[in-house]
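Hi,

Here is the structure I promised to pass on. Have a look first, and my notes follow below.

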2 protein chains.
Amino acid sequence: MISVIILGAGNVANHLFKAFKKSDQATVKQWYNRSLNTIKQFSNQTEITDNLAQIKDADLYILAVSDDAVKELSAKLPFANRLVVHTSGSVNIHDIDKKHRRGVLYPLQTFSKNSDMDFTNVPICIEAIESEDYHLLKKIAVSLGSPTKKVNSDQRQVLHLAAVFVNNFTNQLYRLGHEISESEAADFDLLKPLILETAKKIEHLSPYMAQTGPAKRNDKTTLKKHLKLLEDKPHHKTVYELLTKSIQLTHGGKKL
Amino acid sequence: MISVIILGAGNVANHLFKAFKKSDQATVKQWYNRSLNTIKQFSNQTEITDNLAQIKDADLYILAVSDDAVKELSAKLPFANRLVVHTSGSVNIHDIDKKHRRGVLYPLQTFSKNSDMDFTNVPICIEAIESEDYHLLKKIAVSLGSPTKKVNSDQRQVLHLAAVFVNNFTNQLYRLGHEISESEAADFDLLKPLILETAKKIEHLSPYMAQTGPAKRNDKTTLKKHLKLLEDKPHHKTVYELLTKSIQLTHGGKKL
């Protein structure tokens with residue numbers, strides 16, 4: 001059994017802890033957090049501590065902490081030459097103190113606080129300096145049920161950036177759509193099947209091939225109607241104009 | 001059995017035809033298109049014609065044609081006082097010639113040419129001038145398996161506009177994410193589970209509540225890193241800046 005120690009108590013730490021409980025290859029030997037309060041509910045499931053001096057020997061230490069904390073916490077760990085990884089999309093592997101064997105386990109997914117996550121839907125991007133560490137990390141990720149991929153720090157950074165586009169920005173478009181439908185007391189729920197279908201469509205079609213709509217067709221009548229509807233919503237109008245232009249740049253239509 | 005005649009041969013017409021084949025309450029009696037070529041493959045399943053003078057008597061005529069064609073085609077129909085509906089998100093019900101009983105069946109979904117659509121995932125927005133026509137349209141939509149909703153022309157217009165945000169614009173964000181990940185030869189497929197989860201999340205959470213990420217947190221270190229990564233992609237950078245601002249306007253954080 002591979003022994004793992006989790007450090008941190010945010011969303012990723014919590015979801016990893018739950019996922020490890022189902023793994024038959026790896027187990028959480030200990031859970032560290034600077035405040036015991038947030039993890040004490042798990043004290044009957046694993047050993048918990050808020051004292052770095054009491055951290056045990058293990059095969060893997062996972063720093064599931066905020067980006068800013070990786071460097072400092074890794075330096076503070078009172079041991080060397082053990083495998084220490086972080087879980088961040090944008091922190092370089094070399095930010096982990098060089099006294100350790102270093103790696104990254106970046107779960108490319110959005111985690112909600114209260115709902116369980118099926119790790120078959122959580123691709124884990126793996127990076128390591130030593131090849132034997134890479135293989136251990138891969139074995140662990142696979143034991144959680146995750147698809148895995150070898151991803152270097154440059155690739156991880158652009159994936160994290162692309163994730164902001166397809167997750168945070170997309171969700172903001174849902175929000176703007178919500179506001180627009182509410183302006184006439186139209187039911188936003190009517191849009192939910194469309195939202196799901198739009199996401200599902202690119203499972204088998206590239207976003208380029210999946211595009212439809214008035215911007216791509218350069219359907220001037222509809223574009224004009226829409227801009228008129230947005231006359232008293234200048235921010236929504238700006239977003240409409242920029243993304244219409246973006247679609248037309250991609251598909252080579254005329255620019256607005 | 002309710003008799004239906006479809007006019008037009010685009011995506012919506014094709015998907016409606018397939019859906020009616022499964023209905024036990026309504027049947028397609030005849031299919032009109034100005035060119036027989038595109039529908040002749042269905043001639044063993046229903047009567048087809050390219051001659052408006054040969055259009056038969058039926059309970060419902062569905063104009064599944066382009067927005068621009070609704071007005072003219074409805075005027076050309078060689079009969080009056082029968083129920084004629086269009087399927088457009090942005091055309092007013094009064095654009096249908098007033099010699100007819102008028103209505104709208106707007107399927108709020110994105111249709112692909114080659115894949116079958118389960119109509120339980122196609123909400124149909126219904127509008128009619130006469131209440132008995134509304135009830136007939138509702139009965140027909142329900143027989144296709146669709147959820148239905150009474151939606152007036154103003155509401156339908158904003159739903160159509162909101163659909164552009166959550167479908168076309170969202171898909172363009174997928175495209176921009178694809179381009180960003182490809183710039184470092186990172187695998188776009190890794191983002192697909194995140195894309196699906198982002199869409200699924202708002203089934204039970206409002207987009208407002210579902211928001212996460214560096215823009216909402218006003219995480220300046222990450223925002224700066226991302227803008228630096230986009231230095232040589234001015235268009236992507238403009239979209240990044242506008243949607244970051246949009247999230248911060250919504251969530252009351254500091255403006256960029």
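Two residues are taken to be in contact if their C-beta atoms, placed from the backbone, lie within 7 Å. Helices (H or I, at least four residues) and strands (E, at least two) are DSSP runs, numbered from the N terminus. Axes are lines fitted to C-alpha atoms, for helices over the stretch in contact, and angles run from 0 to 180 degrees between N-to-C directions.

This is a predicted model, in which local features need pLDDT of at least 70 and side-chain atom pairs count only at pLDDT 80 or more, while totals for chains, interfaces and linings use all residues. Residues are numbered from 1 along each chain as its sequence is written, and chains are lettered from A and ligands numbered from 1 in the order in which they are written.

Now the sheet in chain B. With strands counted as paired if DSSP finds at least two bridges between them, there is an open sheet of eight strands in the order β3-β2-β1-β4-β5-β6-β7-β8 (chain B), with mixed pairing. β3 (47–49) and β8 (148–150) of chain B are the edge strands, each with a single partner, so one side of each has no neighbour in the sheet. From one strand to the next, the twist averages 25°. Strand β2 (26–32) of chain B runs parallel to β3(B), joined by three bridges, and W31(B) has I48(B) in β3(B) as its bridge partner.

Helix α3 (131–143) of chain B lies across β1, β2, β4, β5, β6 (101–107), β7 (124–128) and β8 of chain B, at about 160° to β7(B).

Where do the chains touch? The contact takes 80 residues from chain A and 80 residues from chain B, and α4(A) gives the most to chain A's side, with 25 residues. Since 100% of the interface residues of chain A are also interface residues in chain B, the copies meet through the same surface.

Finally, the domain assignment, which is automatic or from a database, gives chain A domain 1 (2–151) and domain 2 (156–251). Their centres, taken over C-alpha atoms, are 36 Å apart.

Best wishes
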